[in-house]
Amino acid sequence: MVAEQLAAQGIRCSRVLAAMRDVPRHLFVPRALITQAYDDTALGIDCGQTISQPYIVARMTEALELPAGEPLVLEVGTGSGYQAAVLAALGARVVTVEWIPALAELARAALEAAGLADRVLIVVGDGTAGVDDAGPYDGVLVTAGGAQIPRALLPRLRPGAALVLPLGEPGHQELVRLHHGAQGWVEESLGGCRFVPLRGPCGWEGE
Ligand code: SAH
């Protein structure tokens, strides 16, 4: 997966490639799909959600440009827990927020099986509202698609840190990297992607 799919598609950061190599993705997919665990595709998990495609996980992780050491990262949308596991394997401490309580439980079990649970705090709720008393973050990832930047998260970024998120419409989004430069917020596009919907006021439904 790492050599043929990630490096071949342009993932260059050796720390990210090593973390992708270290995390057993089969622990994060439903048993029925285990033979596809290392395919470069998103797969269905419980509650109608998905585990992201390995390339997208690697691309989003790389785009954070995390500092060395033990950076603190916020993830909105725990899902299977795989993205959080990759961040933890890279040396980060992770706060990850999941809307669906049953998925948070499954992700916790998978992270324990992978031996990474002590680096990851899972919180149930609306991640776009932020997490009380946590941060500032060295990077923030939103792993569900919406039309709006969750503004509440911007003040929680450490200077120079990036927010990476899919923005667009239900069938197609653009992966966007946002960081605060010398002249204000800078938005870069990292290419197309397709995520399940972000719930809550920043999502398409505005629930
Ligand atoms: N990062 C995950 C994939 C996430 S799928 C992985 O590696 O497997 C998107 C997840 O975001 C779903 O589990 C969905 O329930 C969750 N979600 C959607 N809106 C949310 C919100 N506002 N706050 C927290 N989680 C949310």
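1. The model is a predicted one, in which local features need pLDDT of at least 70 and side-chain atom pairs count only at pLDDT 80 or more, while totals for chains, interfaces and linings use all residues. Residues are numbered from 1 along each chain as its sequence is written, and side-chain values use heavy atoms, with hydrogens and water left out.

2. The ligand is surrounded by 26 residues, of which Glu-75, Ser-80, Glu-98, Asp-126 and Arg-199 are the closest; a residue counts as near if one of its heavy atoms lies within 4 Å of the molecule. By class this shell holds 11 nonpolar, 11 polar and 4 charged residues, where Ala, Val, Leu, Ile, Met, Phe, Trp, Tyr, Cys and Pro count as nonpolar, Asp, Glu, Lys and Arg as charged, and the others, Gly among them, as polar.

3. The structure holds 1 cavity of 30 Å³ or more, and the largest cavity has a volume of about 350 Å³. Of its 29 lining residues, Gly-77, Thr-78, Gly-79, Glu-98 and Thr-143 are the closest to its centre. On a 1 Å grid over the protein atoms alone, a cavity is a set of points where a 1.4 Å probe fits but cannot get out, a pocket is an open set with protein on both sides within 12 Å along at least five of seven lines, and lining residues have an atom within 4 Å of a point. Grid points are joined across faces, edges and corners, and a volume is the space filled by probe spheres set on the points.

4. The ligand sits in this largest cavity, in the sense that more than half of its atoms lie within 2 Å of the grid points. Strand 2 (50-51), strand 3 (72-76), helix 4 (82-89) and strand 4 (93-98) each give two or more residues to the shell around the ligand, and these elements each supply at least two residues of the cavity lining. Helices (H or I, at least four residues) and strands (E, at least two) are DSSP runs, numbered from the N terminus.

5. The largest pocket has a volume of about 250 Å³, and among its 14 lining residues the closest to its centre are Leu-27, Phe-28, Val-29, Pro-30 and Leu-106. Its lining divides into 11 nonpolar, 2 polar and 1 charged residues.

6. A cis peptide bond, with omega about 0°, joins Gly-135 and Pro-136, and Pro-136 lies in the loop between strand 5 (120-124) and strand 6 (137-142). Cys-47, in the loop between strand 1 (43-44) and strand 2, has a positive phi near 60°. Most residues other than glycine have a negative phi, and most peptide bonds are trans.
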